[in-house]
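Hi everyone, thanks for making the time. Please have the sequence and the 3D view open, and I'll walk you through what I found.

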Amino acid sequence: MLTKSRLVWVGLFALLALFPLVVTTPTWTSIIMFALLYMAITTSWNMFSGYSGYVALGAACFFGTGAYTVALLAKHWNVPASGDLFWLIPLGGILAMIVALPIGLIALRVRRHTFVVITIAIFFVFQLSAINASFTGGTAGLQLPFIPWSFQDFNLPFYYLAFAMVVVATLLSAWVRQTRFGLQLMAIRDDEDRALGLGVKVWAVKLSGFVMSAFVIGCAGGLYAIYQGQIYPQFVFNPLFDISVALMAFLGGFGTLAGPLLGAFVLETMQLWLTENYSSGSLYLIIFGALFLIVIIFMPQGVVVYVKDRVTKREDRERSLLAQNEVQIAGGSQ
Amino acid sequence: MTTLLEAKGISRAFGGVQALDNCSLTVEKGSITGLIGPNGSGKTTLFNVITGYVKPDQGTVSFAGEDVTGARPNEIFSKGVGRTFQLTRIFGRMTVLENMLVATQREESWLKGLTRSMSSAEEVSAALEMLEFVGIAKLAKLQAGSLSYGQRKLLELAYVLIADPDVILLDEPPAGGVNLTLINEIASKIRLLNKEQGKTFLVVEHNMEFVMNLCDSVTVMNQGHTLTSGTPSEVRSDKRVLDAYLGGGDEEEN
């Protein structure tokens with residue numbers, strides 16, 4: 001069935017797919033490639049944190065695990081500097097899922113603020129391990145084979161792989177949303193104890209959702225590692241990465257499907273564009289700050305929800321229906 | 001009659017406070033049993049022990065002849081014990097219909113939830129039918145968080161009912177500023193379900209009139225003890241019950 005909203009989705013994705021064919025400047029294909037990477041990451045993060053309300057600030061654990069997995073495997077398996085490197089990316093995703101399992105087992109025992117704090121603590125364990133362990137190369141990081149493609153076309157394969165990740169993450173997130181599993185995640189967000197009392201196996205649902213969300217983030221880390229050609233622990237295990245992902249989702253619409261895509265696209269593009277054009281690297285932080293204040297004050301549920309409510313005038317309609325029904329209940333048996 | 005739900009010798013302390021002290025309660029199959037007592041007498045704690053939210057220090061809970069002491073809330077629910085909460089708990093950011101759908105999966109494995117859609121056509125029509133029964137079918141598409149207090153009570157009752165539990169524990173169904181019409185409405189629904197479908201109910205309440213009119217048998221609690229059980233008229237004439245309600249309970253213990 002091709003509804004109006006599906007047409008819009010397909011159209012927007014087609015625009016993104018055609019973009020590098022129209023705009024061939026490497027600067028711009030690189031910027032949008034990073035925007036796509038963040039769209040995939042934020043959507044995948046939102047698939048667990050947004051639906052379940054468990055705001056995890058540890059996405060960088062999965063991102064860094066994916067990056068290091070690809071870098072280390074490329075080194076030890078002597079993968080040649082070619083497109084063959086890309087076959088390592090799913091392994092990065094799988095390892096991120098394996099790593100997510102013990103993290104989930106520890107962190108998902110607690111809720112709300114305590115959960116946030118524990119995920120941050122676990123993140124620093126990862127960062128410090130990457131800095132201090134010997135197999136990670138310490139602060140010197142790891143080199144990956146540099147693929148000798150022409151400067152002009154270098155970005156294209158990365159662009160389309162990032163695009164594929166966005167498609168996978170979006171489809172996965174949309175699919176989870178309409179399953180019983182997704183319904184249970186949202187029930188957990190609203191009232192976990194009540195959900196438990198209605199037979200929801202909250203522990204299994206939370207853990208599997210958490211582990212599933214790690215896959216695309218790990219893959220994105222792997223792609224990032226190959227694109228950069230070298231990784232450093234402070235960049236792939238970056239606390240700002242954790243916060244950016246959460247803020248992107250909150251800006252666009254936490255727990256919605258389109259919100260994280262929109263938030264990640266706008267923020268990442270803007271940040272890279274500003275850094276590119278104004279050498280003062282902190283200008284974007286000031287603009288970010290202002291933007292967040294505006295969004296949080298005027299549309300606390302995110303841009304997507306705000307616009308949708310305005311378009312459908314939902315609140316008015318609900319109020320009148322409620323009032324009608326209230327009269328009926330009060331007058332029903334008199 | 002056979003005993004469906006039985007709590008025997010339940011004790012539970014929170015720190016130094018003995019919330020429950022050797023409490024016993026039986027619910028016969030097909031009955032409406034009342035559990036009454038003054039504020040703080042341990043009614044809700046006993047509910048929490050029965051439904052797995054609180055683990056007892058001592059004593060056993062059995063349901064349909066099976067020992068379920070210390071089982072988790074979702075396990076107890078899937079065996080067939082549904083409950084409502086005193087302070088109504090619904091899923092505020094989901095629609096009324098989605099609220100209903102959460103409860104329609106009593107014995108389903110969680111893995112199946114990953115591969116099946118949120119609802120089947122039968123589940124939706126059953127949910128709407130149940131909403132019709134409690135009188136809020138028109139609100140099915142609204143966010144549950146926008147409902148009034150009384151409507152939330154009805155929704156909570158509806159989604160516990162849709163899972164078709166064998167015994168339903170209602171924690172103060174008319175509590176908290178619900179109007180008189182709605183109280184009668186809820187009482188009549190309970191009576192109807194009991195008569196026509198043979199549903200068993202255990203109702204916590206301290207509105208004496210509500211309980212006396214509705215229940216076949218009543219258990220009275222005071223200060224963590226179960227004081228007495230009997231028919232409403234037996235309980236009403238029991239001197240200890242009057243003492244408990246009028247605040248004279250302490251003297252007996254000395």
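**A walk through chains A and B**

Let me start with one residue pair in chain B: Arg83(B) stands opposite Leu169(B), which belongs to strand S7. Before we go further, please keep in mind that this is a predicted model.

So where does that pair sit? Strand S6(B) and S7(B), the latter covering residues 167-171, run parallel and are joined by three bridges. Both are part of an open sheet of six strands in chain B, with the order S6-S7-S8-S3-S9-S10 and mixed pairing. At the edges you'll find S6(B), residues 81-83, and S10(B), residues 225-230, each pairing on one side only. If you ignore direction, neighbouring strands of this sheet are turned by 20° against each other on average.

Let's stay with strands for a moment. Strand S1(B), residues 3-14, runs antiparallel to strand S4(B), residues 58-63, and five bridges join the two. One pairing to click on is Ser11(B), which faces Gln58(B) in S4(B). S4(B) also pairs with strand S5(B), residues 66-67, again antiparallel, this time through two bridges. There, Ser62(B) has Asp67(B) of S5(B) as its bridge partner. The hairpin of S4(B) and S5(B) has two residues between the strands, and Ala64(B) in that hairpin takes a positive phi near 50°.

Asn22(B), in strand S2 (residues 17-28) of chain B, has a positive phi of about 55° although it is not a glycine. Is Asn22(B) buried or partly exposed? It is partly exposed, because 14 other C-beta atoms lie within 10 Å, and being buried would take 20 or more.

Now to a helix in chain B. H1(B), residues 43-50, is mostly covered, with seven of its eight residues buried. Those buried residues are Lys43(B), Thr45(B), Leu46(B), Phe47(B), Asn48(B), Val49(B) and Ile50(B). After H1(B) comes Gly52(B), with a positive phi near 90°.

Stepping back to the whole of chain B, we count eleven helices and ten strands. Its C-alpha trace spans about 60 × 40 × 35 Å along the principal axes. Among contacts in chain B between residues at least 6 apart in sequence, 68% join residues at least 24 apart.

**Over to chain A**

Chain A has 14 helices and two strands. Here the C-alpha trace spans about 80 × 45 × 40 Å along the principal axes. With 334 residues, a compact globule would have a radius of gyration near 20 Å; the value for chain A is 21 Å, so that agrees too. Of the 334 residues of chain A, 46% count as buried. For contacts in chain A between residues at least 6 apart in sequence, 79% join residues at least 24 apart.

The axes of H4(A), residues 89-107, and H8(A) come within 7 Å and cross at roughly 140°, and the crossing is right-handed. Which residues of H4(A) meet H8(A)? On the H4(A) side they include Ile89(A), Leu95(A), Met97(A) and Leu101(A), and among those they meet in H8(A) are Phe210(A), Val211(A), Phe215(A) and Leu223(A). By class, this contact has 16 nonpolar, six polar and no charged residues.

**Where the chains meet**

Finally, the contact between the chains takes 31 residues from chain A and 38 residues from chain B. On the chain A side, H7(A) (180-197), H8(A) (202-228) and H14(A) (314-331) each supply at least two residues. Which helix gives the largest share of that side? H7(A) does, with 13 residues. Sorted by class, the side of chain A that touches chain B has 14 nonpolar, ten polar and seven charged residues.

That's my tour; happy to go back to any view.

Technical notes: Residues numbered from 1 in each chain as written. Chains lettered and ligands numbered in written order. Predicted model: local features only at pLDDT ≥ 70, side-chain atom pairs only at ≥ 80, totals over all residues. Buried ≥ 20, exposed ≤ 12 C-beta atoms within 10 Å, placed from the backbone. Helix = DSSP H or I, 4+ residues; strand = E, 2+ residues; numbered from the N terminus. Contact = placed C-beta atoms within 7 Å. Nonpolar A, V, L, I, M, F, W, Y, C, P; charged D, E, K, R; others polar. Axes fitted to C-alpha atoms, helices over the stretch in contact; angles between N-to-C directions. Left-handed = near helix turned anticlockwise from the far one by under 90°. Pairing = 2+ DSSP bridges. Rg over C-alpha atoms; globule rule 2.2 N^0.38 Å.
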